Amino acid sequence: MFKHLLASALLILVTILFYNCSRTPCMNASLSFGLISFSDQESDTIILRRYEKGSNFSTLKDSFLLDMGFTRTNDTLDLAYTTSIGLITSQYDYELYFPGAIKLYRLSAIEEEAGEIRHAFWNNVKVGCVNKITSFTINNLVSYPPWYNYFYLSK
């Protein structure tokens, strides 16, 4: 009887340890962007304004001067470096203003697909994953990122 009880307890313990042990949510996504048909002078100053989501750009939360560098391939500028990672997320609506080009882009309705990773409870290594932005609007036009959390703004 004791052996049967011990075997049952061991089976339950093994099941608990290996089945659906632990889930960790993925990190919030953030959008990055490249530029099409912008000159170097038009892209050297970028102001990001963050608004309360769904406020129709009426409740300004804060604003930033973005520190970004681009590499040029013909008429396309791709992000080369930035110290501004993580500023464009699904929690807010945004305005991107380019004073050199006198262009304003409004990003809103950013939708994020929440994911999670599964791992054993004894594994404390935080191998990360990042959620995916599935859609957003630019100046009231729905857009889908062509690459993972990366899109282009055209002048």
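The following legends describe close-up views of a predicted model.

**View A. Strand 3 and its pairing with strand 4.** Strand 3 covers residues 47–52, and strand 4 covers residues 60–65. The two pair in the antiparallel sense, with 5 bridges between them. At one of these positions, Arg-50 has Asp-62 of strand 4 as its bridge partner.

**View B. Strand 3 and its pairing with strand 7.** Strand 3 is also joined to strand 7, which spans residues 92–98. This antiparallel pairing comprises 6 bridges. Within the pairing, Tyr-97 of strand 7 stands opposite Ile-47.

**View D. The pairing of strand 5 with strand 6.** Strand 5 and strand 6 are antiparallel and share 6 bridges. Here Thr-82 of strand 6 stands opposite Met-68.

**View E. The cavity and its lining.** The model holds 1 cavity of 30 Å³ or more. The volume of the largest cavity is about 80 Å³. Its lining consists of 12 residues, and those nearest the centre are Leu-31, Phe-33, Met-68, Ser-84 and Ile-88. Strand 2 (32–36) and strand 6 (76–82) are the elements that each give two or more residues to this lining. By residue type, the lining of the largest cavity contains 8 nonpolar and 4 polar residues, with no charged residues.

Conventions
Residues are numbered from 1 along each chain as its sequence is written. This is a predicted model: local features need pLDDT of at least 70, side-chain atom pairs count only at pLDDT 80 or more; totals for chains, interfaces and linings use all residues. Side-chain values use heavy atoms; hydrogens and water are left out. Two strands pair if DSSP finds at least two bridges between them. Helices (H or I, at least four residues) and strands (E, at least two) are DSSP runs, numbered from the N terminus. On a 1 Å grid over the protein atoms alone, a cavity is a set of points where a 1.4 Å probe fits but cannot get out, and a pocket is an open set with protein on both sides within 12 Å along at least five of seven lines; lining residues have an atom within 4 Å of a point. Grid points are joined across faces, edges and corners, and a volume is the space filled by probe spheres set on the points. Ala, Val, Leu, Ile, Met, Phe, Trp, Tyr, Cys and Pro count as nonpolar, Asp, Glu, Lys and Arg as charged, and the others, Gly among them, as polar.
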